[in-house]
Amino acid sequence: MPPTNRKFFLLMAVCCLLLTLHRPSAWAAEQTVRILATTFPVYQIARNIGQGVEGIDIDLMIPAAMGCPHDYALTPQDMRKLAAADVLVVNGLGLEEFLGAPVQKANPRLKIVDSSQGIARILAYAAGEHDEDGHGHKSAGDGHDHGPNPHLFASPRMAALQAAAIARGLAEAHPAGAARYAANAQAYGQRLNRLADDMAALGGRLANKRIVTQHGVFDYLARDMGLEVVAVVQDHAGQNPAAAEMLALVAAIRAKRAGALFTEPQYPEAVGAAIAREAGIVAARLDPVANGPEQAPLDYYEQVMRRNMTILEQTLGSR
Ligand SMILES: [Zn+2]
C-alpha cells in the first residue's frame, strides 16, 4: 500500500472511531436530565408531572415497597444514584432526615426540588393523644415528635400542592420542559382536587368521624375530611407501644368512642388489630400510598384513595 493510501486509511479509521464514540445514543444519554425522587409518593407525582417531557429520566431512590423512610439510612446504592442524578425531588418537612451532608458530598451540583416548598397550613407532627398521659415515648431529640408533619402525600389536597411545587422546581432545573411540566401539574392537580372534593363530601356523610391511626400519616387527610384522629398506635413510626401504652390506648379509644382503627400496609398490623379487638372497635387497612408496587400505574394514587373511600364508608358508616 502506498504511503498516501496508508495515511488515508488511518484517517478513516480515526474518523470511524470518533463516530462510534459520538453515536447518537451516547450523545442523547449525555443530554438526559436525570431526575431522582427519594420516596414512592413524590416519585409517582414526578412521573405524572414529567409525562411526555423529552430528555428526562425519572428514577426512584429507595425501594417502592419501603414506605415512610423514618429511621432510614442511606445505602451505597442510594449514594451511586445520588452521584449520577441532576435533580433530586424530595418530600421535605424532615421526612428525608437520612439525607443531609452525605448528599452534598456525593453530588455538589445536585439541584434539590422540595415538594413542600411554599405550602402553607402545615400541621405539627404531634405524638398521639395518649401522650398526654405522660407515658415514656421517645424524647424530642429523635426529631419526630415536635417537628412539622411530613405526610402531605396522604391528602389529595396537599398532594396537588406538592405536584405544583415539583412542577415549578423541575421547570427551573429543566427549562426546556417548563410548559409541559406546568400543563401536567395543572391537569394532575385538578384530578387530585376532584378526588379531595369527593373525600371531603364523604367525610360529611360519615356516621362516626373519630378514628385511630397506626402512625401520624393521616392527619392532613383527616383535616380535609373533617375527621378527628383521637389516638395513634405508634408514637414513633414503626415502633409498637409497650403493654402499658396499649392499655392506655384501649382506654382512650373507649373514652373517645372512636369508630375504627386503621392499620397501614407498610407496617405489621397485628398490634393495631389486637388493640381494636380489646377496645371493641373495627380494624381495617387504610392505605396512605406511602409505598406501592415497583411498576405502579400513573393513576395508582387515585385508585388506592378511591378504595380507601369505600373502606372508610364501610367501617365508619354513612348517613
Ligand atoms: Zn410516616
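Val 289 sits in the loop between β8 (282–285) and α11 (300–316). Helices (H or I, at least four residues) and strands (E, at least two) are DSSP runs, numbered from the N terminus. Phi of Val 289 is near 60 degrees, a positive value in a residue other than glycine. Most residues other than glycine have a negative phi. Val 289 is buried, at a relative accessible area of 3%. Buried means under 20% relative accessible area, exposed over 50%, and partly exposed in between (1.4 Å probe, protein chains only).

Asp 71 also has a positive phi, near 65 degrees. This residue belongs to the loop between β2 and α4. Asp 71 is exposed, with a relative accessible area of 57%.

## Basis of the model

This is a predicted model: local features need pLDDT of at least 70, side-chain atom pairs count only at pLDDT 80 or more, and totals for chains, interfaces and linings use all residues. Residues are numbered from 1 along each chain as its sequence is written, and side-chain values use heavy atoms, with hydrogens and water left out.

## Overall fold

The protein chain has eleven helices and eight strands. Of its 319 residues, 48% are buried. Contact means heavy atoms within 4.5 Å. Among contacts between residues at least 6 apart in sequence, 69% join residues at least 24 apart.

## The zinc site

Four protein donors surround the zinc ion: Cys 68 (SG), His 70 (NE2), His 151 (NE2) and His 215 (NE2). Donors are N, O and S atoms within 2.8 Å of the metal (3.2 Å for Na, K and Ca); water is not among the atoms, so sites may look incomplete. The donor atoms subtend angles of 100 to 119 degrees, which makes the arrangement tetrahedral. For four donors, that term requires all angles to lie between 85 and 135 degrees.

The donor residues follow the spacing C-x1-H-x80-H-x63-H. Cys 68 lies in the loop between β2 (56–60) and α4 (76–84), and His 215 in the loop between β5 (210–213) and α8 (219–225), so the pair ties together parts that are 147 residues apart in sequence. Cys 68 is buried at 8% relative accessibility. His 215 is buried at 0%.

## Helices α6 and α7

The axes of α6 (residues 156–173) and α7 (residues 178–205) come within 8 Å and cross at roughly 175 degrees. That makes α6 roughly antiparallel to α7, a label for angles over 145 degrees. Axes are lines fitted to C-alpha atoms, for helices over the stretch in contact, and angles run from 0 to 180 degrees between N-to-C directions. From α6, the contact includes Pro 156, Arg 157 and Leu 170. From α7, the contributors include Tyr 181, Tyr 188, Asp 197 and Met 199. The contact residues divide into 16 nonpolar, two polar and two charged. Ala, Val, Leu, Ile, Met, Phe, Trp, Tyr, Cys and Pro count as nonpolar, Asp, Glu, Lys and Arg as charged, and the others, Gly among them, as polar.

Ala 201 is also found in α7. It is partly exposed, at 41% relative accessibility.

## Ile 58 in strand β2

Ile 58 lies in β2 and is buried, with a relative accessible area of 18%. Beyond its neighbours within four places in sequence, Ile 58 contacts Ile 35, Tyr 43, Ala 46, Arg 47 and Gly 50. Tyr 43 is 15 residues away in sequence and 7.7 Å away in space, C-alpha to C-alpha.

Notes:
Angles under 35 degrees count as roughly parallel, over 145 as roughly antiparallel, 65 to 115 as roughly perpendicular and the rest as oblique. Four donors count as tetrahedral if all angles lie between 85 and 135 degrees; four count as square planar and six as octahedral if opposite donors are over 155 degrees apart and all others between 65 and 115; anything else is irregular.
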